[in-house]
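Here is a walk through one protein chain, written for someone who would rather look at contacts than at pictures. Keep the viewer open and follow along.

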Amino acid sequence: MQHIDYQTSGTCSRFIHFDRDDENRIHNISFDGGCNGNLKAIGKLCEGMTAQEISDKLLGNQCGSRGTSCADQLAKAVMSA
């Protein structure tokens with residue numbers, strides 16, 4: 001299992017932390033900062049998904065006029081890891 005810390009850009013959350021297993025499945029997702037309840041829910045909903053599954057569901061999701069969101073940043077994080 002590989003642990004990844006990803007620094008976000010353009011969001012209230014500052015970092016995303018997660019583990020990736022040998023099958024490219026994502027586990028133990030957590031965020032530093034941001035909307036605590038919503039981000040805990042995203043982590044639970046994405047638990048055990050592949051990076052591609054997370055990206056397919058969340059990439060491009062926007063928060064207001066920021067051009068990104070914490071969910072979009074998670075999609076980018078798991079694909080870059």
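## Inside the fold

Let's start with Ile54: beyond the residues within four places in sequence, Ile54 is in contact with Ile26, Cys46, Met49, Leu59, Leu74, Ala75 and Val78. Bear in mind that this is a predicted model.

The buried ones are Cys70, Ala71, Asp72, Gln73, Leu74, Ala75, Ala77 and Val78. What lies over them includes E1, E2, E3, H1 and H2. At the start of the helix, a side-chain oxygen of Ser69 comes to within 3.3 Å of the backbone nitrogen of Ala71.

Ser55 lies in helix H2, and its relative accessible area is 8%, which is why it counts as buried. Leaving out neighbours up to four places away in sequence, Ser55 is in contact with Ala75 and Met79.

Is Thr68 buried or exposed? Thr68 sits in the loop between H2 and H3, yet it is buried, with a relative accessible area of 5%. Its side chain makes a polar contact of 2.6 Å with the side chain of Asp72, one of the buried residues of H3. Once neighbours within four places in sequence are set aside, Thr68 is in contact with Ser9, Gly10, Thr11, Asn61, Gln62, Cys63, Gln73 and Lys76.

## The largest pocket

Some of those names come back in the largest pocket, which has a volume of about 180 Å³. Its lining is made of Thr11, Cys12, Cys35, Asn38, Leu39, Ile42, Asn61, Cys63, Arg66, Ser69, Cys70 and Ala71. H1 and H3 each supply at least two of the lining residues, and the largest share, three residues, comes from H1. By type, the lining splits into seven nonpolar residues, four polar and one charged.

## Out on the strands

| Residue | Where | Relative accessibility |
|---|---|---|
| Asp5 | strand E1 | 46% |
| Phe15 | strand E2 | 31% |
| Asn24 | loop between E2 and E3 | 33% |
| Asn28 | strand E3 | 48% |

Asp5 is the one with the histidines. Its side chain makes a polar contact with the side chain of His3 at 2.9 Å and another with the side chain of His17 at 2.4 Å. Not counting residues up to four places away in sequence, Asp5 touches Ile16 and His17. By contrast, Gln52 is 47 residues along in sequence from Asp5 and 18 Å away in space, C-alpha to C-alpha.

Which residues does Phe15 touch, not counting those up to four places away in sequence? They are Tyr6, Gln7, Thr8, Ser30, Phe31 and Asp32. Phe15 and Gly34 are separated by 19 residues in sequence and by 9.5 Å in space, C-alpha to C-alpha.

Most residues other than glycine have a negative phi. Asn24 has a positive phi of about 65° although it is not a glycine, and Asn28 has a positive phi of about 55°, also without being a glycine. Asn24 is in the loop between E2 and E3, whereas Asn28 is found in strand E3 itself.

## Putting it together

Notes: Residues are numbered from 1 along each chain as its sequence is written. This is a predicted model: local features need pLDDT of at least 70, side-chain atom pairs count only at pLDDT 80 or more; totals for chains, interfaces and linings use all residues. Side-chain values use heavy atoms; hydrogens and water are left out. Contact means heavy atoms within 4.5 Å. Helices (H or I, at least four residues) and strands (E, at least two) are DSSP runs, numbered from the N terminus. Buried means under 20% relative accessible area, exposed over 50%, partly exposed in between (1.4 Å probe, protein chains only). A polar contact is a pair of N or O atoms within 3.5 Å; within protein, one must be able to donate a hydrogen and the other to accept it, and residues adjacent in sequence count only if both atoms are side-chain atoms. On a 1 Å grid over the protein atoms alone, a cavity is a set of points where a 1.4 Å probe fits but cannot get out, and a pocket is an open set with protein on both sides within 12 Å along at least five of seven lines; lining residues have an atom within 4 Å of a point. Grid points are joined across faces, edges and corners, and a volume is the space filled by probe spheres set on the points. Ala, Val, Leu, Ile, Met, Phe, Trp, Tyr, Cys and Pro count as nonpolar, Asp, Glu, Lys and Arg as charged, and the others, Gly among them, as polar.
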